Amino acid sequence: MSETLSGLLTIGLLVLLLALCYHPVGAWMAKVFTDTRHWRAEKAIYRLVRVDPDSEQGWRAYATSVVAFSVLGIAALFALIVAQTHLPGRQGSDGMGVTTAINTAVSFVTNTNWQSYAGEAGATPLVQTVGLTVQNFVSAAVGLAVAVALIRALARHSASAIGNFWVDLVRGVVRVLLPGSVLAAVLLLAGGVIQNLSAPLTIHGFSGVEQVIRGGLVASQEAIKELGTNGGGYFNANSAHPFENPNPLTNIFEIFLLLVIPFALTRTYGIMVGDRRQGWALGGFAGLLWAGGVALTTWAEVHASGASTGAMEGKEQRFGVWGSTLFAASTTSTSTGAVNSMHESYSPLGGGAVLANMVLGEVSPGGVGSGLYGIVIVALLAVFVAGLMVGRTPEYLGKTIGRREVTCAALYILVMPVLVLVFAGISLASDGPRSTMSASGPHGLTEVLYAYASAANNNGSAFAGLTADTPWYNLTLAICMLLGRFIPMLLVLRLAGLLVEQRKRPVTVGTMPTHTPLFVGLVTGIALVVAGLTFFPALALGPIAEALS
Amino acid sequence: MTRSLLNVVPQAFAKLDPRHVFRSPVIFVVWVGSVLTTGLAIKDPSVFSWSIAVWLWATVLFANAAEAVAEGRGKAQAASLRAAKRETMARRLRADGIEESVPGSDLTIGDKVVVETGQVIPGDGEIVEGVATVDESAITGESAPVIRESGGDRSAVTGGTTVLSDRIVVQITTKPGESFIDRMIALVEGAQRQKTPNEIALTILLTTLTIVFLVTVMAIQPLASYSGRTQPVVVLIALLVCLIPTTIGALLSAIGIAGMDRLVQRNVLAMSGRAVEAAGDVSTLLLDKTGTITFGNRQATELLGGDPADGELAEAAYLSSLADSTPEGKSIIELAHTSYGVNGGRSAEALGREGAEFIEFSAMTRMSGVDLLDGTRIRKGATSAVRAWVEESGGSMPSRVEVLVDGISSSGGTPLVVAQQSGSSQARALGVVHLKDVVKPGMRERFDVMRAMGIRTVMITGDNALTAAAIAKEAGVDDFLAEATPEDKMRLIRKEQEGGRLVAMTGDGTNDAPALAQADVGVAMNSGTSAAKEAGNMVDLDSDPTKLIEIVEIGKQLLITRGALTTFSIANDIAKYFAIIPAMFIGLFPGLDALNIMRLSSSESAMLSAVIFNALIILALIPLALRGVRYRPSTAAQMLRRNLLVYGVGGVIAPFIGIKLIDLVVSLLPGLA
């Protein structure tokens, strides 16, 4: 079987899996977040944290809860990481420096999972399971909660409450992420991913070099790593490591896991706003961009110069070019950041493509929850610009997009490019940060740009090559992750507060349709133009210059 | 167009004042860029830097010119209004009833003034005594005088209009400087123009885009420096100006002023730009039946039940209506003559001289008619009255006629029975005249258009439900409110608004005022009371209720123009990038020449061409901004498709061609690298 055919079959299988799960998973999540009854386990949690699950919050209370929960999470994780070398089960881990610890704490709470440390060496099994894995669940659930709050705001009218954060958080974990990861972990185990608590194994290789092979609770962490679009690997080599991702089948399954919730959420959206076509439109938009990203990355790698079999440098033999590019395009378009190949080694255009995936703002389809609200924001901007062209004050799902709404959406769009360009600019202009780059010229520029794009978009994948475990990068990247996560979230909740208060204007033939292919094309155009105009000069000096030289 | 552009050159320069430019953040950035570039060009002169500096100033000037042209169109109208506002001496009545002469500008609310034939009314007010004919042409442009009288719905007078006959006492209702004419002048001049909600929202988006591009361009320097060569500041400024949405930023305020101006040209005064925008959003139109949908009086449309061969019914109907000067009577004469071949040209006077005696309609008899010299008596009137008249002479109403009467009544029309008695024989009912409210021609088509635009039309009428339903069906409105009281109207508006719909209506009476105030777009008739004019947010000087439909279209056109130019402006950036980015970095990375898809002749000519295009496109689009984009009523989906194609796709393609053409010329410029 030719490489192309097997590659296409791989993509076909993946799309089929996603299509099969789109309806049930989407419908399940809609039910989870509209259910009026509580599970017994959930009631126990509510009693424990003293929350009345039947009372709802306005946007301020909701936002306060999000921030409080996340600040507490960062503080607790930071304390745990700093203390890890003094806690049991060290297994020879070296621990982390203070700035690395700050970076890591912020990274996992913001669902970024940028790893300044080497997975197996920097974090003890205790930190991995009690700290990082817990955040893998709850950080994804926080994103989910904020997205659901925004959906409720669009679905309701003349109200002020957008839901109860604690209920959304608990349900996201208990009813969506936990069952999903258990199922996924079992399947990964069956596929050959390891799950043990054995001590590190020391073996001698053929050349006589001593090697320490660590085990761990890998399958369970792998499941939530992908399902929660986290991406922080148990091992430094991440999904390229045979213990994390042993064969092509687990590879497809992991790609499926990282795409399934973000895509299915558009279905949840359609159900909850009471018009499934609206969900189809958003899903179609995300699918279009995702397909474009996959196509561009794959085309670039297959046609990379100087290799008859495509660019295999930095890729695993067992996945091949197609299995690697499919993973790379999917992980960068879902703000996951797990990698099964080294993006640094991609051809200039391929590397540029995965970078472009991120600077689109993680909307194709983006991370768990964060992708959906990002998509809605782009849709709102499209509605605002083009909506005027039908001769009415722009409206989306019956809600008017006025001055205050547009301010929220515009500021949301502003955050990420500012963070990326300002910090990349400063880093490239300063001698200290420049000294830790492994490459020079346009490739080095791409390394730095990629790092900040990854952090500000809460992706977490690394281009590699850049030695980022320095105080400068640890702290600036932490700032990017923190602001790139929470400023947009707060703007989204503010927007939800504005939208939920509005009456719903009835749909007439004078209303701009937001479910048609034309609208999908329009939103795609707006997303591409906004990202393109913002990042074209930087990309021109990085990957484009490299590709054309 | 060219002349109006030349005329505004001085104003365009005057508007370079930073305090003015600051009102548009996008243009302010260009202004700062122009200052910086000029400084750099002085310090380090070259053909390139001076060319860029000149064209950046041109960009700001073109933006100013756009605004000035838009304002200029209102100036002429303002001048004629000012003429009407010339200082007048008022004859104020003191409390003791003695007149005193004071300047019109000293009048305050509550003052009473006397105005007589030939004098100008010194301020807005209500007539408290007397009746007069008034020439309001200073405001409406309509030369036919109107009657204004104390009490009722025609008591309002406007300062600056002239009394043509009689004497009235006017109580002043506005403070000096806030009169209707003052407000009109301010409106048409755009002096007190405040940004509308939608304009503010758009400005926020444009400002955000400007900030994004500012960051993008500022980030280029460290990136370029890392890559091996810093960029001249002039180049960075040129790039920034090309990227920020200057086209829409320059034309935004002109579009708003022009939109108001289009209303003024149709003799509608909007009290706020907000109301004009709201007009575009209207989804329910409340239209009064009388005068708006129908001609306002019943007209004869057919004669039923007569024997067509002898024309007896038509002749009788004709003769009995000769002396009837009501519109109904005239319409019967017209119908009998044109449709039933009755010999026209006879007059009541002539017949009277021959000895005929006309019986006028009275509320008691509810009949009118004529007794001819030969003893023939003809009567026409309400069914019950004519029946009584026929039976009195021993005759009876044939059931045939009764059936016709019922048929007309149930269709919403008014039947008039015509009967005739020759000599001393029994009176006979000849047939029935069908009177009905006639729907103005073309209304159904207009309502179809409204429906296609997603607007629901509701007819308001005092008629009973049966009549209302018939007319609603004939006119093609979506719904009707029969036997409507002002309270019913109010309730309907609230109900529609609670459903999230914006409501527009017209009104003229004082009892319309609450509903006018409640409606999102309330158009008061200029002939109406001042209470109605205060309550509404627009005044129609022609007092034409059908104009509501045009107002909605103007509101939509205003929004479409903004959206279209915003889309165009953003779409333009793609081509500018392809011109400037390769030009900037080609020295560093020769491979980037592949991006120079327009094959522009040199780096400097490429950048200059982009800047020139950016400036000229503003000039080229001024007519469009003033006129508004072409508006064809259609569904939102159709409009979106069409406008996206023209302004989105067109906006991507046009600058590629434009920049290439400019480059062909610019490359001939000596001294460009």
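**Questions on a predicted model**

Tutor: Helix α12 of chain B, residues 312–321, contains S321(B). Residues are numbered from 1 along each chain as its sequence is written, and chains are lettered from A and ligands numbered from 1 in the order in which they are written.

Student: What makes a stretch of chain a helix or a strand?

Tutor: Both are DSSP runs, numbered from the N terminus: a helix is a run of H or I with at least four residues, and a strand is a run of E with at least two.

Student: Why is S321(B) called buried?

Tutor: Buried means under 20% relative accessible area, exposed means over 50%, and partly exposed lies in between (1.4 Å probe, protein chains only). The relative accessibility of S321(B) is 0%, and therefore S321(B) counts as buried.

Student: Which residues does S321(B) contact, leaving aside its neighbours within four places in sequence?

Tutor: Contact means heavy atoms within 4.5 Å. With those neighbours left aside, S321(B) is in contact with G329(B), I332(B), I333(B) and K380(B).

Student: Where does UniProt place the feature "binding site"?

Tutor: The unreviewed UniProt entry gives this feature at several positions of chain B, including F361(B), R366(B) and K380(B). UniProt positions follow the numbering used here, feature names are shortened, and annotations may be inferred rather than shown by experiment.

Student: Why is F361(B) called exposed?

Tutor: The relative accessible area of F361(B) is 56%, so F361(B) is exposed. This residue lies in the loop between β13 (357–359) and β14 (367–371) of chain B.

Student: Why is R366(B) called partly exposed?

Tutor: At 37% relative accessibility, R366(B) falls in the intermediate class and is therefore partly exposed. R366(B) is also found in the loop between β13 and β14. Leaving aside neighbours within four places in sequence, R366(B) contacts F361(B), G381(B), A382(B), S384(B) and A385(B).

Student: How do you know that Q135(A) is buried?

Tutor: Q135(A) has a relative accessible area of 8%, and so Q135(A) is buried. Q135(A) belongs to helix α6 of chain A, residues 125–155. Not counting residues up to four places away in sequence, Q135(A) touches several residues, among them G73(A), L77(A), F108(A) and N230(A).

Student: What makes helix α11 of chain B mostly covered?

Tutor: Eight of the nine residues in this helix, residues 273–281, are buried. These buried residues pack against elements of chain B including α8 (197–227), α10 (246–265) and α22 (547–585).

Student: How do you know that L645(B) is exposed?

Tutor: L645(B) has a relative accessible area of 57%, and therefore L645(B) is exposed. Helix α24 of chain B, residues 636–666, holds L645(B).

Technical notes. Predicted model: local features only at pLDDT ≥ 70, side-chain atom pairs only at ≥ 80, totals over all residues. Heavy atoms only, no water.
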